[in-house]
Each structure stands twice: as structure tokens, then as C-alpha cells.
Amino acid sequence: MNFLAHIYLSGDNELIKIGNFMADGIRGQQYKNFPIEIQKGVLLHRAIDTFTDANITYRKSKHRLHEKYGHYSGVIMDIVYDHFLAKNWNNYSNEDLDDYANNFYQSLKQNYSILTDKTKNMMPYMIARNWLKSYATISGLEMILFQMDHRTKNRVNMQEAIVELQEFYIYFEEEFFTFFKELQEHSAKKLIEINKNFK
């Protein structure tokens, strides 16, 4: 899953959200150098990724992209699934997506001193282009895929996956709903487990 899902699955704790959000840039045991709530977010992020990679429904979605995009099919699929979360946001939250995104950006600013350098460098672009809200539209999704492709030195033209997205849109969305219900349940249980382990 990509940024929006990781933040959403963290619950209401702002530092767990931030830890989950920036976990990709924290390797191995480095997470232990951060405050406890950030550590919890990193561990939750890793649990979400492990569950996602092994999930049959997610793998079915990703398989449609694998021949053309290879290793990057997973990166694309994570972003596509965030599109469906953003598009159907009202099914998952009572808070408006604009407000949710802006509150998270504000939280990043307020906790700037504990962010990784990678997160600090990415923040201005993320906020200026409102990535979390941009997931909701096809044009916004295409922009994010283009930016991701640029970061990987234009290896596979990720933005072209919009073609496959539109061709298989109904199937992708149905698979997202099935998968995300399972992921929500798994993440909630994992967060309880993580909290217990830190007591």
C-alpha cells in the first residue's frame, strides 16, 4: 500500500501515522533510535507490507501489470489501490479527505525535528501537490505515477499504467474492496499486538 493507506491504517495517533508514513526510509534496527510511537508506526508499516505482498487478491491485481512493468508492478499497484481508497474515502472515514490530508501535513510540520531526511526532502513536493488528495482522480494518479517514475530514473514509464487501470478498472476496484477489508482487520489486530509489546 502507498502513503494514504499506511497513514489511514495507523488509527488516530499522530506519531504512529508519521512512523508508518516514513518507514520505507528506515532500515533494519534504525527504527529503535526514534520515539516509541514512531517505532510502533514503523513496525505496523512492515506488518502491512508483509501482509500485502502475500495476499492472494492483491497478487491477482498486481499480476495484470507484471508482464509490462516487472518489479515495478507492485509500486504501481500500491498507488492504484490508494486511488481506490481516496475515491471511496467516505466509505472509510467521516472526515473529509481534504481536511484529513491537511491535518496530516500540519502534523508533519509540527514534528519536523524527528522526521527522516528523506521525508523532509519529500515534504514540500507532497504538500504543494497535495498527494494525499490527488490519489482520488485519474489525472492526479497519473501525476503521482509520473513523479514516481522520475524518481526511479524513468525505467518503465509507470504513468502508462493508466491504460491498464482504465481497461480493468472494475476488476481492480472490486479486488481493492475485498483486499482492504482484510487488511483493515489485520492492521487493527497488529496494532493491538504492537501496543502490548511496548508495555
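This report walks through a helix, the salt bridges, the nonpolar core and a cavity of the model above.

The model is predicted, so local features need pLDDT of at least 70 and side-chain atom pairs count only at pLDDT 80 or more, whereas totals for chains, interfaces and linings use all residues. Residues are numbered from 1 along each chain as its sequence is written, and side-chain values use heavy atoms, with hydrogens and water left out.

## Helix H11

Helices here are DSSP runs (H or I, at least four residues), numbered from the N terminus. Helix H11 covers residues 169–197, and its 29 residues should span 42 Å at 1.5 Å a residue; the end C-alpha atoms lie 40 Å apart, which agrees. The expected span is 1.5 Å times one less than the number of residues.

Which residues of H11 are buried? Among them are Tyr169, Phe172, Phe176, Phe179, Phe180 and Leu183, along with Glu173 and Glu175. Buried means under 20% relative accessible area, exposed means over 50%, and partly exposed lies in between (1.4 Å probe, protein chains only).

## Salt bridges

With a salt bridge taken as a side-chain nitrogen of Lys or Arg within 4 Å of a carboxyl oxygen of Asp or Glu, the count comes to nine.

| Pair | Closest N to O |
|---|---|
| Glu14 and Lys17 | 3.4 Å |
| Lys181 and Glu185 | 3.4 Å |

Glu14 and Lys17 are three residues apart in helix H2 (residues 14–21), so about one helical turn separates them. Glu14 is partly exposed at 32% relative accessible area, while Lys17 counts as buried at 9%.

Lys181 and Glu185 sit four residues apart in helix H11, again about one helical turn. Lys181 is exposed, with a relative accessible area of 52%, and Glu185 is partly exposed at 42%.

Lys133 is partly exposed at 31% relative accessibility, and Asp98 is partly exposed at 27%. Elsewhere, salt bridges join Lys68, Glu160 and Glu164 into a network.

## The nonpolar core

In soluble globular proteins, nonpolar side chains tend to be buried together. A nonpolar core is a set of buried Ala, Val, Leu, Ile, Met, Phe, Trp, Tyr and Cys residues joined through side-chain atoms within 4.5 Å. The largest one here has 62 residues, and those with the most contacts inside it include Met1, Phe21, Phe104 and Phe180.

What does Phe21 touch, neighbours within four places in sequence aside? Its contacts (heavy atoms within 4.5 Å) are Phe3, Ile7, Phe104, Leu108, Thr119, Met122 and Met126.

Ser107 is part of helix H6 and counts as buried at 4% relative accessibility. Apart from its neighbours within four places in sequence, Ser107 contacts Glu14 and Ile18.

## One cavity

A cavity is a set of points on a 1 Å grid over the protein atoms alone where a 1.4 Å probe fits but cannot get out, and its lining residues have an atom within 4 Å of a point. There is one cavity of 30 Å³ or more. The largest cavity holds about 40 Å³ of space. Its lining includes Asn2, Phe3, Trp131 and Tyr135, and helix H9 (residues 138–151) gives the most to that lining, with four residues.

Terms used. Helices (H or I, at least four residues) and strands (E, at least two) are DSSP runs, numbered from the N terminus. On a 1 Å grid over the protein atoms alone, a cavity is a set of points where a 1.4 Å probe fits but cannot get out, and a pocket is an open set with protein on both sides within 12 Å along at least five of seven lines; lining residues have an atom within 4 Å of a point. Grid points are joined across faces, edges and corners, and a volume is the space filled by probe spheres set on the points.
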